[in-house]
Amino acid sequence: MLFKNYIWDFDGTLYDSYPHSEGIFQAYLAREKGIEAAMPLIDSLARQSWHHAFNYFGLTKDEAKRVFELEADMSVLPRVVPFPGAIELLRDVVRAGGRNYLYTHRDNLAIEYLRLEGILDLFDDFVTADMDFPSKPAPDAVLYLIEKHGLDPRKTVMIGDREIDAGAGMNAGAAGLLVTDNESLRAASQATITAVDLADIRRMLDIPEGER
């Protein structure tokens, strides 16, 4: 494998959470704020960051907190589920002697989602919003994982679907990988590596496929 240590973003990287989250946010804006927002706009803003989306629509901190409370309702369809191939990829990293970590701006609900899928044991550690680190692309959370676990930055990569994810890894002296099917975003990216999807990540990082 190209790296030993894999620090994964959650939303839009390992889990297909945007349809669930954006649907709830769209409904909240219509019901509570009287704003009829088109889904492409919400999607564009949310994929930059939820903080960016909340600011765009003028939500207060309390309103943003309420959106996250509603978003935590796992019974609302569509459900938050891993992307096809995500679990197999995580397992193959471990099988090949690598280690997985999670770094997300989401709160500890991300850990609960992993628990529900039965894949919590595939991760060595987690950084969530509840730990109150500066937001990506600040390197603080990645440096925390590096220092806590004695990781070699040269053998460590931060993987995410936004430029700020890759930036957090690179700002910590590790590699950064941007995964997106948006060709223009890949072309403009400053990330160490870019990939189209999880299968492309496997190819680019030389993660061997285990027995199925």
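This is a predicted model: local features need pLDDT of at least 70, side-chain atom pairs count only at pLDDT 80 or more; totals for chains, interfaces and linings use all residues.
Six strands make up an open sheet, ordered 5-4-1-6-7-8 and paired in parallel. On average, neighbouring strands here are turned by 20 degrees against each other, ignoring direction.

Further in, strand 6 and strand 7 pair up in the parallel sense, with four bridges between them. One spot to look at is Met158, whose bridge partner in strand 7 is Gly176. Helix 8, residues 163–171, packs on the sheet and touches strand 4, strand 6 and strand 7. The direction of helix 8 makes about 170 degrees with that of strand 7.

Here are some of the strands by residue range:

| Strand | Residues |
|---|---|
| Strand 4 | residues 99–103 |
| Strand 5 | residues 123–127 |
| Strand 6 | residues 156–160 |
| Strand 7 | residues 175–179 |

**Asp125 in strand 5**

Now zoom in on strand 5, which holds Asp125. Is this aspartate buried or exposed? Asp125 has a relative accessible area of 10%, which is under the 20% cut-off, so it counts as buried. The side chain of Asp125 makes a polar contact of 2.8 Å with the side chain of Lys148.

What else does Asp125 touch, setting aside its neighbours within four places in sequence? Its contacts are Asn100, Tyr101, Leu102, Tyr144, Leu145, Lys148 and His149.

Key: Residues are numbered from 1 along each chain as its sequence is written. Side-chain values use heavy atoms; hydrogens and water are left out. Helices (H or I, at least four residues) and strands (E, at least two) are DSSP runs, numbered from the N terminus. Buried means under 20% relative accessible area, exposed over 50%, partly exposed in between (1.4 Å probe, protein chains only). A polar contact is a pair of N or O atoms within 3.5 Å; within protein, one must be able to donate a hydrogen and the other to accept it, and residues adjacent in sequence count only if both atoms are side-chain atoms. Contact means heavy atoms within 4.5 Å. Two strands pair if DSSP finds at least two bridges between them. Axes are lines fitted to C-alpha atoms, for helices over the stretch in contact, and angles run from 0 to 180 degrees between N-to-C directions.
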